[in-house]
Amino acid sequence: LADRKSIVLNYNPFITFKDDPVKENNDQLVRATNFIKSAVRFKISMDETVLEPDVFHLNPKKSDTDWFKNIIRYVPRKLSWYGAFLVKAFPLDMSQYNRLFCSTRIPNKGKDKLETFEGARHMLVMHKGHFYVFDVITTDGSIVAGSTIYQNLKEIANNPSPPSSSPIGLLTTEERDTWASQRHAISAIPANHESLKLIDSALFALCLDDEAPSDPVHMTQVMLHGDGMNRWFDKSFQLIVCKQGLSAIN
């Protein structure tokens with residue numbers, strides 16, 4: 001957090017997803033909708049503490065079984081690690097999972113800080129450098145219907161507005177002290193302050209790109225940094241879905 005270099009390239013890697021085996025599901029908006037539903041389902045499982053622990057199994061025939069899982073859950077927490085060790089099952093660190101959603105990196109002079117916002121139900125969508133938010137979790141804690149999510153994305157993608165003439169997302173590519181000064185000036189305006197709060201507190205970000213990479217080099221450029229207009233690199237993660245459905249997480 002104290003490094004003052006741009007986080008683009010230095011700290012924001014990407015991982016691409018395989019194409020969906022069902023051809024129709026690789027449509028940009030269909031794929032984006034499915035990603036959103038899956039991400040929100042993961043978030044709800046984590047909040048309800050029913051998410052299965054990450055475990056590295058050296059002997060899965062013994063440890064990755066319903067029998068072992070049912071036994072180990074009744075072992076006191078202080079002793080459970082030793083029980084898992086006996087069958088060569090090693091629990092992985094999940095302490096950062098609480099930073100996965102509703103989290104952002106806030107630029108500050110000298111050292112950035114991480115902030116996580118409780119209770120957020122909305123997500124951030126970027127298209128042509130424009131920013132949109134809509135709820136993906138209902139007031140009772142359920143996932144918003146897939147048809148509603150799809151329709152929201154369709155309206156965003158079909159918006160005839162030209163690309164933003166002042167794409168603020170570019171500022172997140174700056175050297176961190178520079179961006180800290182710029183953000184401070186921007187947030188001094190009350191309307192901007194509220195907009196930044198919506199961006200910061202969003203569950204995660206979705207980038208709907210008009211790019212359609214056709215080779216590995218172009219794909220790497222798009223997923224790693226793109227032109228910077230349609231990104232917000234400070235978010236804990238952003239899903240990128242290209243025109244032909246090619247997707248990645250950054």
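Predicted model: local features only at pLDDT ≥ 70, side-chain atom pairs only at ≥ 80, totals over all residues.
Trainee: How many helices and strands does the protein have?

Mentor: Helices (H or I, at least four residues) and strands (E, at least two) are DSSP runs, numbered from the N terminus. Here there are eight helices and ten strands. Along the principal axes, the C-alpha atoms fill a box of roughly 60 × 45 × 40 Å.

Trainee: Which domains is the protein divided into?

Mentor: Domain bounds come from an automatic or database domain assignment. In this case domain 1 covers 15-48 + 99-249, and domain 2 covers 55-91. Their C-alpha centres are 37 Å apart.

Trainee: How should I read burial and surface area?

Mentor: Accessible areas come from the Shrake-Rupley method with a 1.4 Å probe, and for residues only the protein chains shown count as cover. A residue is buried under 20% relative accessible area, exposed over 50%, and partly exposed in between (1.4 Å probe, protein chains only). By that scale, 38% of the 250 residues are buried. The accessible surface comes to about 14000 Å², and carbon and sulfur atoms hold 57% of that.

Trainee: Which residues form a nonpolar patch on the surface?

Mentor: Patches are made of residues with over 30% relative accessible area and no salt bridge; like charges are joined within 9 Å, and nonpolar side chains (Val, Leu, Ile, Met, Phe, Trp, Tyr) within 5 Å. Look at Leu79, Trp81, Tyr82, Phe85 and Leu86, which together have about 580 Å² of accessible area. Tyr82 belongs to helix H4 (residues 77-86). With a relative accessible area of 53%, Tyr82 is exposed.

Trainee: What does Asn230 touch beyond residues up to four places away in sequence?

Mentor: A contact means heavy atoms within 4.5 Å. Among the residues Asn230 touches are Met126, Lys128, Gly129, Cys207 and Asp209. For the protein, take contacts with a separation of 6 or more: 71% of them join residues 24 or more positions apart.

Trainee: Where is Asp234, and which side chains does it meet in polar contacts?

Mentor: Asp234 is in the loop between H8 and S9, and at 3% relative accessibility it is buried. Its side chain makes polar contacts with the side chains of Arg176 (3.0 Å) and Trp179 (2.7 Å).

Trainee: How many salt bridges does the structure hold?

Mentor: A salt bridge puts a side-chain nitrogen of Lys or Arg within 4 Å of a carboxyl oxygen of Asp or Glu. The structure holds twelve. In one, Asp47 pairs with Lys43, with the closest N and O atoms 2.5 Å apart; both lie in helix H1 (residues 28-47), about one turn apart. Asp47 is partly exposed at 48%, whereas Lys43 is buried at 10%.

Trainee: Which parts does the salt bridge of Arg176 with Asp112 tie together?

Mentor: The closest N and O atoms of Arg176 and Asp112 are 2.7 Å apart. Arg176 lies in helix H6 (residues 176-187) and Asp112 in the loop between strand S4 (103-106) and strand S5 (113-116), so the pair ties together parts 64 residues apart in sequence. Arg176 and Asp112 are both buried. A network of salt bridges links Arg4, Arg105, Asp112, Arg176, Asp177 and Asp234.

Note on methods
Residues numbered from 1 in each chain as written. Heavy atoms only, no water. Polar contact = N/O pair within 3.5 Å; in protein donor to acceptor, adjacent residues only side chain to side chain.
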